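Here is a friendly tour of the model you have open. Keep the 3D view at hand and follow along.

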Amino acid sequence: MISASTKGVFAIAPTPFDDEGALDVASLARMTEWFLDRKVDGITILGIMGEAQKLRPEESVTVVKEVIAAARGLPIVVGVSAPGLAAMQDLAAKSMELGAAGVMMTPPGTMRTDDQITGWFSGAAGAIGPDTPWVLQDHPTATGVVMSSSVIRRVVEQHENCVMLKHEDWPGLEKITAIRRWQSEGAMRPLSILCGNGALFLDMEMGRGADGAMTGYAFPEMLRRVVDLSATDPDAAADIFDAHLPLLRYEHQPGIGLSVRKHILARRGAIASAALRKPGPALSKEAKAEIDRLLARLAVKDPTSLPAA
């Protein structure tokens, strides 16, 4: 199970589809093995970048079942966010039954006030039950839901089984600092903080006290090295991060970012096809040429990264 002391690198996994848009079940085990080979500490599935909103309920269960079966005991976190609590309850219960380490939840975009946000989390936590550890996903750029540090503290204090914050605010470094200050003062209980945002601020987030990364960059071995070095040699961690920054920036583009990531993951052998389930943008030949150039430059700047193809 995940807990307030969970640290390291949790890879956000895409959902693989074939070229016709069908769920590629064979690639689920292949992708899981690929992440295991890169020494991640866990995998998160069915997140926003996992195209979870495009899946049928039975397909979501298939993804959970296949990934957990291939993970050989590695912790798997399942995104269960949905417009209605009943769907969340069903997927959370099934995921935990299959062996998930916890679930991840974020409010729908209709939540605006602090009371609405805390009220939604109370309902969601009630739906999944007190024995299911869960991750509070704070991702305002994707959901439109703005959570202050104080609101996060309220939610965490109200729900003992909220054990982790997936930090994806932008800019959000001060939020990490505020939470860690409250904890050092005894004003907030311990909480794991893993960071997303495509790893775009990972070096600085680690410096502010984050416990690691929970994101889907196509080179998880970079995340591994930056997280591991941050405490002992932050300059070396920053050098590795800087080498990847042009590709991180390109992959973080709104709209086509997931297409870029899947294209690279397919090239690297993690999944069989780079296809998104419709609706979803396809990469132009110009975009593919830009990716080729970025990968070639990365191979020079960080030759310890595994080959791109």
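This is a predicted model. We start with a pair of helices, α9 and α10, where α9 passes α10 in a left-handed crossing.

**Helix packing: α9 with α10**

- Two packed helices are described by the angle between their axes and the distance between the axes.
- Helix α9 covers residues 220–230 and helix α10 covers residues 234–251; their axes come within 8 Å and cross at roughly 155 degrees.
- Because an angle over 145 degrees counts as roughly antiparallel, α9 is roughly antiparallel to α10.
- On the α9 side, the residues that meet α10 are M222, R225, V226, L229 and S230.
- Facing them from α10 are P234, A236, A237, I240, F241, H244 and L248.
- By residue type, this contact of α9 with α10 divides into nine nonpolar, two polar and one charged.

**Helix packing: α10 with α12**

- Helix α10 also packs with α12: the two axes come within 8 Å and cross at roughly 160 degrees.
- That angle makes α10 roughly antiparallel to α12.
- The crossing in which α10 passes α12 is left-handed.
- From α10, the contact uses A243, H244, P246, L247 and Y250.
- From α12, the contact uses A287, E290, I291, L294, L295, L298 and K301.
- The residues of the contact of α10 with α12 divide into nine nonpolar, one polar and two charged.

**Helix packing: α3 with α4**

- Helix α3 (residues 85–98) packs with helix α4 (residues 114–128) at an angle of about 40 degrees, and their axes are 8 Å apart.
- That angle makes α3 oblique to α4.
- For α3 and α4, the crossing is right-handed.
- The α3 residues in this contact are L85, M88, Q89 and A92, and the α4 residues are W120, G123, A124, A127 and I128.
- Sorted by type, the contact of α3 with α4 has seven nonpolar, two polar and no charged residues.

**Cavity**

- How many cavities of 30 Å³ or more does the structure hold? There is one.
- The space in the largest cavity comes to about 30 Å³.
- Its lining is made by A13, P14, T15, L28, M31, I45, L46, V63 and V67.
- The elements that give two or more residues to this lining are α1 (25–37) and α2 (57–70).
- Eight residues of the lining are nonpolar, one is polar and none is charged.

**Second largest pocket**

- The second largest pocket has about 160 Å³ of volume.
- To find this pocket, select S259, H263, A274, A275, L276, G280, P281, A282, L283 and K288, the residues that line it.
- This lining divides into six nonpolar, three polar and one charged.

**Backbone details**

- Most residues other than glycine have a negative phi, and most peptide bonds are trans.
- Which residue has a positive phi although it is not a glycine? K39 does, with a phi of about 60 degrees.
- You can find K39 in the loop between α1 and β2 (42–45).
- W170 and P171 are joined by a cis peptide bond, with omega at about 0 degrees.
- P171 sits in the loop between β6 (162–167) and α7 (173–184).
- The peptide bond from K278 to P279 is cis as well, and its omega is near 0 degrees.
- As for P279, look in the loop between α11 (257–267) and α12 (285–301).

Conventions:
Residues are numbered from 1 along each chain as its sequence is written. This is a predicted model: local features need pLDDT of at least 70, side-chain atom pairs count only at pLDDT 80 or more; totals for chains, interfaces and linings use all residues. Side-chain values use heavy atoms; hydrogens and water are left out. On a 1 Å grid over the protein atoms alone, a cavity is a set of points where a 1.4 Å probe fits but cannot get out, and a pocket is an open set with protein on both sides within 12 Å along at least five of seven lines; lining residues have an atom within 4 Å of a point. Grid points are joined across faces, edges and corners, and a volume is the space filled by probe spheres set on the points. Helices (H or I, at least four residues) and strands (E, at least two) are DSSP runs, numbered from the N terminus. Ala, Val, Leu, Ile, Met, Phe, Trp, Tyr, Cys and Pro count as nonpolar, Asp, Glu, Lys and Arg as charged, and the others, Gly among them, as polar. Axes are lines fitted to C-alpha atoms, for helices over the stretch in contact, and angles run from 0 to 180 degrees between N-to-C directions. Angles under 35 degrees count as roughly parallel, over 145 as roughly antiparallel, 65 to 115 as roughly perpendicular and the rest as oblique. A crossing is left-handed if the near helix is turned anticlockwise from the far one by less than a right angle, and right-handed if clockwise. Contact means heavy atoms within 4.5 Å.
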